[in-house]
Amino acid sequence: MHTFWYTPNMSNLPPTLTVKFFRTETGNEPVREWLIDLPRDHRKAVGTDIKTVQFGWPIGMPVVRKMEPDLWEVRIDLKEKIARVLFTVEARTMVLLHGFIKKSEKTPASDLETARQRKAALKRKR
């Protein structure tokens, strides 16, 4: 559990960001599908940390790390595993681009590339 500067009564405050899942041209939502496959307690931890970002944005380490321009990761501790959700922010909306379980110290290049491609697809839709 992380301690932050805001109070537990955040539910009375409006969120700083809205949250949406990236949607492919075929209508799939890869992060939602990834979440559904996780155990319930892991889904809850991921959701809690995403909500922390939603209400506390902008927020830094240990919850959020900037990966590159317009791309951040939510860092989720699942006790025996580490999860990451890569996202971008567009017009006060947190768009969840890619989620994965981290297996090494460094974020795999393939996961970063997936997030980059989805971010580029968002820009093409505008």
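This is a predicted model: local features need pLDDT of at least 70, side-chain atom pairs count only at pLDDT 80 or more; totals for chains, interfaces and linings use all residues.
Which residues does F87 touch, not counting residues up to four places away in sequence?

**View 1. Contacts of F87.** Not counting residues up to four places away in sequence, F87 touches V53, W57, V64, D70, L71, W72, E73, V74, M94, V95, L96 and L97.

**View 2. The largest nonpolar core.** This core comprises 22 residues, and V46, V53, V85 and F87 have the most contacts inside it. Two or more residues are contributed by each of α1, α2, β3, β4 and β5. Another core, of 10 residues, lies apart from it and includes F22, V95, F100 and L122.

**View 3. Helix α2, residues 40-56.** At 1.5 Å a residue, the 17 residues of α2 should span 24 Å, and the end C-alpha atoms are 24 Å apart, which agrees. The buried residues of the helix are H42, V46, D49, I50, T52, V53, Q54, F55 and G56. These buried residues pack against β1 (18-21), α1 (30-37), β2 (64-68), β3 (71-77), β4 (82-90) and β5 (93-102).

**View 4. The open sheet of 5 strands.** The strand order is β1-β5-β4-β3-β2, with mixed pairing. β1 and β2 are the edge strands, each pairing on one side only. On average, neighbouring strands are turned by 35° against each other, direction ignored.

**View 5. The β4 and β5 pair, with the helices on the sheet.** β4 and β5 pair in the antiparallel sense over 9 bridges, and R84 stands opposite F100 in β5. Helix α2 packs on the sheet, touching β1, β2, β3, β4 and β5, and its direction makes about 135° with that of β3. Helix α3 (residues 109-125) also packs on the sheet, where it touches β2, β3, β4 and β5; the direction of α3 makes about 160° with that of β5.

How values were computed. Residues are numbered from 1 along each chain as its sequence is written. Side-chain values use heavy atoms; hydrogens and water are left out. Helices (H or I, at least four residues) and strands (E, at least two) are DSSP runs, numbered from the N terminus. The expected span of a helix is 1.5 Å times one less than its number of residues. Buried means under 20% relative accessible area, exposed over 50%, partly exposed in between (1.4 Å probe, protein chains only). Contact means heavy atoms within 4.5 Å. A nonpolar core is a set of buried Ala, Val, Leu, Ile, Met, Phe, Trp, Tyr and Cys residues joined through side-chain atoms within 4.5 Å. Two strands pair if DSSP finds at least two bridges between them. Axes are lines fitted to C-alpha atoms, for helices over the stretch in contact, and angles run from 0 to 180 degrees between N-to-C directions.
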